[in-house]
Amino acid sequence: MVHIENLTKKYGSKLVLNIQELNIPKGQSFGLVGNNGAGKTTLFSLLLDLIQPSTGHISNNEVRVDQSEEWKTFTSSFIDESFLIGYLTPEEYFYFIGELRNRNKADVNALLAQYKDFFHGEILGQKKYLRDLSKGNQKKAGIVASFIGDPEVVILDEPFANLDPSTQIRLKGIIKDLAARQGVTVLVSSHDLIHVTEVCERIVVLNKGEVVKDIETSTETLRELEAYFSENIAVAAASVENI
Ligand SMILES: Nc1ncnc2c1ncn2[C@@H]1O[C@H](COP(=O)(O)OP(=O)(O)OP(=O)(O)O)[C@@H](O)[C@H]1O
């Protein structure tokens with residue numbers, strides 16, 4: 001579904017992303033982890049054509065994302081609150097996204113009804129603008145908005161951050177269901193190794209812009225990731241001592 005080839009991104013002389021090749025098949029729940037600055041958001045921003053690659057390209061369902069707008073009909077995303085429109089209520093925003101994706105109010109209402117538990121009574125009917133919702137509730141609205149229009153690819157940047165534990169648990173179920181039962185390709189970045197190993201069938205670790213691990217999730221994965229990140233701390237501490 002998603003094909004990445006010879007992809008690099010430089011800011012000035014600093015190389016922040018360097019991926020030779022990466023393929024994400026249709027219906028895969030794909031987790032991206034890495035420390036701060038590893039390049040996760042950069043990769044998602046390139047996937048969404050929000051920034052231009054320095055070299056290489058990304059194809060989404062055979063469509064070069066930097067050459068055509070076609071991928072936008074089957075791809076959606078929530079990266080951060082800049083995706084929201086602060087002066088709209090959640091309902092107004094959902095219907096607006098529905099119009100963009102050729103879904104009428106009834107279609108949108110039917111979808112929203114499926115997320116009643118996830119909203120936990122804090123999103124719909126509140127007569128509040130999106131800008132006045134808490135960070136977590138803004139995130140809930142943005143995530144559900146990304147499901148409008150039956151997208152084939154959903155990209156979520158740190159979806160678990162700022163959510164309360166009950167909502168995190170609900171979200172894990174939602175993401176698993178999207179990939180396993182509905183065949184949606186779901187790309188998720190997270191700093192939470194437990195959530196990402198529970199939800200994703202494949203996990204890629206980025207370090208300084210490079211893929212350093214590409215793991216099919218198993219019962220050993222959480223331990224493997226924890227060992228990797230602990231080792232990273234030891235290496236960083238040793239290099240500080242040597243200065
Ligand atoms: N507009 C920019 N100009 C210069 N450098 C940038 C710019 N955007 C990102 N970077 C750099 O690119 C690198 C990768 O950043 P990115 O935001 O992709 O990391 P990340 O893995 O998402 O980090 P985090 O976990 O902190 O969100 C960082 O070193 C960051 O400082």
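**The enclosed strand β3**

Five of the five residues of strand β3 (residues 29–33) are buried, so the strand is largely enclosed by the rest of the structure. Here a residue is buried if 20 or more other C-beta atoms lie within 10 Å of its own, exposed if 12 or fewer, and partly exposed in between, with C-beta atoms placed from the backbone. This is a predicted model, in which local features need pLDDT of at least 70, side-chain atom pairs count only at pLDDT 80 or more, and totals for chains, interfaces and linings use all residues. Residues are numbered from 1 along each chain as its sequence is written. Helices (H or I, at least four residues) and strands (E, at least two) are DSSP runs, numbered from the N terminus.

The burial of β3 covers both of its faces, with Ser-29, Gly-31 and Val-33 on one side and Phe-30 and Leu-32 on the other. In a regular strand the side chains alternate between the two faces of the sheet.

β3 is joined by four bridges to strand β8 (residues 185–189), and the two run parallel; within this pairing, Ser-29 stands opposite Val-186. Two strands are taken to pair if DSSP finds at least two bridges between them. β3 also pairs with β9, again in the parallel sense and over four bridges, and there Val-33 has Val-205 as its bridge partner.

From β9 (202–207) the chain passes to β10 (210–216) through a loop that contains Lys-208. The phi angle of Lys-208 is near 50°, a positive value in a residue other than glycine, and this residue counts as partly exposed because it has 14 C-beta neighbours inside 10 Å. A positive phi near 50° is also found at Asp-150, likewise a residue other than glycine, which sits in the loop between α5 (135–145) and β7 (153–157). Asp-150 is partly exposed, with 13 other C-beta atoms within 10 Å.

Another sheet is open and antiparallel, with four strands in the order β2-β1-β4-β5. Its edges are β2 (14–24) and β5 (63–64), each with a single partner strand, so one side of each is left without a neighbour in the sheet. Five bridges join β1 (residues 2–11) to β4 (residues 55–60) in antiparallel fashion, with His-3 opposite Ser-59.

The residues around the ligand include Tyr-11, Val-16, Gly-34 and Lys-40; a residue is near a molecule if its C-beta atom, placed from the backbone, lies within 6 Å of it. Helix α1 (residues 40–47) provides the largest share of this shell, three residues.

As for confidence, the mean pLDDT of the protein chain is 94, and 97% of its residues reach 70 or more, pLDDT being the predictor's confidence in each residue, from 0 to 100. The model scores ipTM 0.97 and pTM 0.92.
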